[in-house]
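Subject: Structure handover

Hi,

Here is the structure I promised to pass on. My notes on what turned up in it follow below.

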Amino acid sequence: MTVTDLPAPPTPAQQLDQAERQAAEELAAIIAAAVAAGITGAALLAIIAALIGATRRAAQTGWAVGTQLAHRASAGQRVGRSAYFAEPLPTSVDADVVAVVVDAAQRIDAARTGQPAGGVPVTPATPEVELARFQRRMVRLAITKIHQAASAATYSYARWLGMDLEWVTRRDGKACAVCAGLNGVRVGPGQKFTPPRGRGVPRRLWAGFQGLPPSHPNCRCRCIPREPRPRT
Ligand SMILES: [Zn+2]
């Protein structure tokens, strides 16, 4: 067997896609098992730890991909002198999962009993509809965490290596005004991106956006380390 017989190693983008699919499958399996005996708020509350575990694993994969990306781009060069420290995610996995699960548990109980639950009013939604919505929110959260972790890792290593960062949007031309405005923007080592202003850019940006991709849920933008430009 020669080297050319081997499949090409997955690109970082493919690895992130794979992490998304894996997280979606894992979350679906955990949720399906939990509600097998009935869709109740208590059933969801009982799986908070399992959901946190799955979401953390997803974020760790994102972190590993983001680290690899920075290493690859740097080609072993280190031009900066900053100490390494890991950039935290904008919001913690645990707190985000708990918020989504508690809200969904209340919605499901309100739908099931026809009584308001924990500040959640009764809506026409059935428990099944609320459960499907919950699953979508969990998957979306895991995807956000994968990409937040990938960016935090790339940012942390680029800062340590002394490299610039460039914002790169997905190539299918579907970027929102915020991301389109940031595409191609470069910042120096340790700096973050400032959101653009102007037409189409909402005044209040998503709270999860703190200067690194993703700029909104389901954003697939990335930051890529670049050779530092000479500065005067
Ligand atoms: Zn984006």
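The donor residues of the zinc ion follow the spacing C-x39-C-x1-C in sequence. They are Cys179, Cys219 and Cys221, each through SG, at 2.1 to 2.3 Å from the metal. Donors here are N, O and S atoms within 2.8 Å of the metal (3.2 Å for Na, K and Ca), and water is not among the atoms, so sites may look incomplete. Cys179 sits in helix α6 (residues 177-182) and Cys221 in the loop between β2 (186-187) and β3 (222-226), so this pair ties together parts that are 42 residues apart in sequence. Helices (H or I, at least four residues) and strands (E, at least two) are DSSP runs, numbered from the N terminus. Both Cys179 and Cys221 are buried, where buried means under 20% relative accessible area, exposed over 50% and partly exposed in between (1.4 Å probe, protein chains only).

Before you read on: this is a predicted model, in which local features need pLDDT of at least 70 and side-chain atom pairs count only at pLDDT 80 or more, while totals for chains, interfaces and linings use all residues. Residues are numbered from 1 along each chain as its sequence is written, and side-chain values use heavy atoms, with hydrogens and water left out.

Next, the rings. There are 5 aromatic pairs, counting rings of Phe, Tyr and Trp (its six-membered ring) with centres within 6.5 Å; planes under 30 degrees apart are stacked, over 60 edge-to-face and the rest tilted. One of them is Tyr84 with Trp160, edge-to-face at 6.4 Å centre to centre and 90 degrees between the planes. Since Tyr84 belongs to the loop between α3 and α4 and Trp160 to helix α5, the pair ties together parts that are 76 residues apart in sequence. Tyr84 is partly exposed at 33% relative accessible area, and Trp160 is partly exposed at 25%. Trp160 also pairs edge-to-face with Tyr157, at 6.2 Å centre to centre and 85 degrees between the planes. Those two are 3 residues apart in α5, about one helical turn, and Tyr157 is buried at 18%.

Arg159 lies over the face of Phe85, 3.8 Å from the ring centre, and the charged end of Lys192 is over the ring of Tyr155, 5.3 Å from its centre.

I get 3 cavities of 30 Å³ or more. A cavity is a set of points, on a 1 Å grid over the protein atoms alone, where a 1.4 Å probe fits but cannot get out; lining residues have an atom within 4 Å of a point. Points are joined across faces, edges and corners, and the volume is the space filled by probe spheres set on them. The largest cavity has a volume of about 40 Å³, and its lining includes Leu16, Gly66 and Cys223. α5 gives the largest share of that lining, 3 residues. By class the lining has 4 nonpolar, 3 polar and 1 charged (Ala, Val, Leu, Ile, Met, Phe, Trp, Tyr, Cys and Pro are nonpolar, Asp, Glu, Lys and Arg charged, and the others, Gly among them, polar). The second largest cavity is also about 40 Å³, but its lining has 2 nonpolar, no polar and 5 charged residues.

Cheers

Technical notes. On a 1 Å grid over the protein atoms alone, a cavity is a set of points where a 1.4 Å probe fits but cannot get out, and a pocket is an open set with protein on both sides within 12 Å along at least five of seven lines; lining residues have an atom within 4 Å of a point. A charge sits over a ring if NZ of Lys or CZ of Arg is within 6 Å of the ring centre and within 35 degrees of the ring normal.
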